[in-house]
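Here is a short report on one helix and its surroundings. Look over the sequence and the model, then read on.

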Amino acid sequence: MTAPLHDTTAEAAPTAPADPAETGATKVEGRSLKQIAWNRLKQDKVALAGGAFVLFLTLVAVFAPLIVGLLGHPPNQFNQDKLDPLTNLPQGAWGGVSSDFLFGVEPNKGRDVFSRIVYGARISLLVAFLAAVVAVALGTLFGIIAGYFGGWIDALISRTMDVLLSFPQLLFIISLVSVLPDDLLGLTGSGVRIGVLVLVIGFFGWPYVGRIVRGQTLSLREREYVEAARSLGGGRRHILFRELLPNLVAPILVYATLMIPTNILTEAALSFLGAGVRPPTASWGGMLRDALETYEHDPMFMVFPGATIFVTVLAFNLFGDGLRDALDPKGAR
Amino acid sequence: MSENAEDKAEGKAVSIPAQADGAEPGTTTDATAGETAGATLTKDAAPGEILLKVTGLQKHFPIRKGLLQRQTGAVRAVDGIDFEVRSGETLGVVGESGCGKSTMGRLITRLLEPTAGTVEFEGKDITHLGVGGMRPLRRDVQMIFQDPYSSLNPRHTIGTIVGAPFRLQKVTPEGGIKKEVQRLLSVVGLNPEHYNRYPHEFSGGQRQRIGIARALALNPKLVVADEPVSALDVSIQAQVVNLLDDLQQELGLTYVIIAHDLSVVRHVSDRIAVMYLGKIVELADRDALYKAPMHPYTKALMSAVPIPDPKRRSAKSERILLRGDVPSPISPPSGCRFHTRCWKATEICKTTEPPLLELKPGQRVACHHPENFEDQAPQDTVLLSAAKDAGELVPDAVLAESAETSEALAAEVAEAAEAAGEAEVAEEGAEKSNSDDK
C-alpha cells in the first residue's frame, strides 16, 4: 500500500541531483494532494472495504459471461427439472441452493438466480453509472456557469433546478416509458429502455450536483487566484475550466460516488414497477417483482436480489463517505 | 451637487501645476527633474517619464436591494483621485482599512472597470478596454496579491502557476517555459527543483515569492503590489520587502505598493500617497512627507507609528488620537471628508472640498488648513464643535507646535515669495519645521 509513495519519491530524487542537501527534504514532503487524500483513505478500513466491494462488483459485471460460464447456467435457461412438478417451487432447501445453483433457482421458470444477479449487475451498474455521468456533466456545467456569472443567468438556472427538484420524476418516467415506442434512435429492445433510464435519471439528478457546484463556485470565484488569472489575461474559459474546475473535482467526485447508489435504487424501483428494462433481460428490481408472487412459499428468491441491492448500495455509500472524508478532512463528520 | 464640487476640484488640481510652470518655468522643472533623478538614481529606466496617469478616477459599487434589484445607493470606494506614476519610482499608497486603496490598485490594473475618470498607461487610454483589449497590456502591468494563501491555485503546481503567464500570453521564452520558470524561481530565492510542488507545501513567505515570480514572468514595466507583506510574519516581511527592492534595482521596475504599514511604505517608497475615504489627501515625496506632513490626517497617521526607543516614552503624549471611526463611504461627509474627525476643521471644511494642490514642489495636499504651511483659508478661524471635541484628544504640545510653524511659515512665505523661488522656500520650510520637531 505504501508502494506508490516510495515510487514518487524515487522519481523525484533523480530530478534533483544537483543539491544533495535538498533531496533529504524532498523525501519528507513532495506529496501531491492526491497522495495525501489517498493516504487518508488508506486509514479508513470501512471505506476501503466498500471500495473493494464496488471494484469486485464492477469486475463481476464486466466479466459476467465468463463468470456465469464457470459457475452458473445461462440466465435465460429454463431448468424445469430443478422444480417440484407439483408446486413449481425449487427442489431442496433454501430455494434450491446447491453447488450447481449457487443462489438457487427461480420458482415457476427454474432459471439460475446467481446468473441473473450477475447479469442484473450489468444493467444496474451501467444505468447507475451512466446516469451519474449525465447528471455530473450537466450539473457541473450549469452549476459553474450559474455560480461564476451570477445575475440573471444564475437566477434562471437556479429556478430551473428548483423546478426539476420538485418534479415527480418517478411518475414522469413511468408515463414516459408507456408512451415511448420500442425502437428509438436505432436502439432496440432493452437498449431503448436503458437509454431512456440513463437520460431521465441523469436529467433529474443534475440539479443536486448543480447546487453543490454553484455553491462551491460562488466561494471559489472570490479567491485571489481567480483575480491573478485575470490579471495575467486569462479569459473566462481559462478561469472556469483551468482555475475553478480542478478545485471542484473533489466535491463532484464525492457526490457522484454517493449518487450511484441512489441511481441503483431508482433503477431497481423502476424495474420493480415495470418501467425498467424489459423481461427477460435480468435486473435486480425485476427479480424482486417476480419474487413478489411466491415470496410466501419461496422467500429466498426475494432475499438474494434484495440483499445484493442492499449490500451494493451500502458499499457505494461507505466508499463515498470515506472518499469525502479523505478529500475534505475539514468537512463536518 | 457634490459631483459639481468634485469637477471643480479636479479642474483646479489639473490646472495648478501648469500655472506654476508658466510663472517660473525654470525653477519648477529643474526642481522636479532633480527630485526624480535623486529618487531614481539607481534605476535603469528613463527617469521622470510618466508611466501611468490617473485622472478623476472613480469607482462606485452599487448597492441593490429588493426583488427588482433596484439601486438604492453606492459605495464610493474610490471617489475622484488624480496621480501619476513615473518610470522607475515606487509609489506607496497608505490609508486605513476601507479607504479604497485596494480598489484603486484593481482599477489601475483594470481588474475592475472604473465608474468615471481615465487611466492612461504609457499615454494610452486603458480605462474601458475589454478583456481582449487588455491582454497585450497585461504583460506590462502585473499585480502581486495580498493573501499568499488564496492567490495561488491549490490544485496547480508551482511550475503551472509561474508558467501560466507564458501560456496565457502565448509567449515562449528562450529555452522553453520550464527553464524560464526555474530561472524565475531562483531569481526570487526559491529552489528551482520545487517546480513540481504544490502551494500547500510552502510557507507564507515562500508562497509570496511564488506570487512575485509569477508577476515578474513577463518582465512587466509596472507592478502593483496590494499589501504584499501584510499577511506575513514580521521577520518574513523584511525579506520580501528587500526582495522587491532588489528586483526593482535589477530589473528597473516601477512599483505601486499599497500598504497600511507605514514603516514598510517608508522603507520602499519614493513618493507616498495618503488616502482617506476614497480620496488622496496628500501626495508627496517620502522624505518631505515624513519630515513635514501637511494634511492633519497624515500627521495623525504618522504620530501613530510607534517609536522603537524606550527612552522616548514621553513621545507617547504626542500621539494624535482620532475620534470615532472612518465615516461610511456610502454617504461620505460633505466638503473635506476628514472634517468630522479633524481638530482644525472650520466652516469652510464642511462646505467646500479642498482641491489637491501642489503647495510645495513635490508635495500635494488637499486641505484648507494644512500643517507646516500657511493656512489656505486664514479668514475662517472658528472651529467646528466636532473639531473642538477632536482637539481634546490632540496633545497640547502638538497644537502649539502646529500653530507656531504655521505662523512662522506664513511669515516666511510672505518674505520669501518676494526674495526667492518657491523651491528654496520649501526647503527652508522643511528645515524649519524639522528643527521645530526636535
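## Helix 6 of chain B

In this predicted model, helix 6 of chain B buries B:Val181, B:Gln182, B:Leu184 and B:Leu185. These residues span an arc of only 160° around the axis, which means that they sit on the same side of helix 6 of chain B. An α-helix has 3.6 residues a turn, so residues three or four places apart point the same way. The face turned away from the buried side carries the exposed residues B:Gly176 and B:Lys179.

Helix 6 of chain B covers residues 176-187, 12 residues in total. From first C-alpha to last it reaches 17 Å, close to the expected 16 Å. B:Gly189 follows the helix, with a positive phi near 85°.

What do the buried residues pack against? Their partners in chain B are tabulated here.

| Partner in chain B | Residues |
|---|---|
| Helix 5 | 158-169 |
| Helix 7 | 204-216 |

Take helix 5 of chain B. Its axis and that of helix 6 of chain B come within 9 Å and cross at roughly 110°. The two helices are therefore roughly perpendicular to each other. Their crossing is right-handed. On helix 5 of chain B, the contact is made by B:Gly159, B:Val162, B:Gly163 and B:Phe166. Helix 6 of chain B contributes residues including B:Ile177, B:Val181, B:Leu184 and B:Leu185.

Now the wider chain. Chain B has 15 helices and 12 strands. Of its 438 residues, 45% are buried. Among contacts between residues at least 6 apart in sequence, 68% join residues at least 24 apart.

Key: Residues are numbered from 1 along each chain as its sequence is written. Chains are lettered from A and ligands numbered from 1 in the order in which they are written. This is a predicted model: local features need pLDDT of at least 70, side-chain atom pairs count only at pLDDT 80 or more; totals for chains, interfaces and linings use all residues. Helices (H or I, at least four residues) and strands (E, at least two) are DSSP runs, numbered from the N terminus. The expected span of a helix is 1.5 Å times one less than its number of residues. A residue is buried if 20 or more other C-beta atoms lie within 10 Å of its own, exposed if 12 or fewer, and partly exposed in between; C-beta atoms are placed from the backbone. The arc is that of the directions from the helix axis to the C-beta atoms. Two residues are in contact if their C-beta atoms, placed from the backbone, lie within 7 Å. Axes are lines fitted to C-alpha atoms, for helices over the stretch in contact, and angles run from 0 to 180 degrees between N-to-C directions. Angles under 35 degrees count as roughly parallel, over 145 as roughly antiparallel, 65 to 115 as roughly perpendicular and the rest as oblique. A crossing is left-handed if the near helix is turned anticlockwise from the far one by less than a right angle, and right-handed if clockwise.
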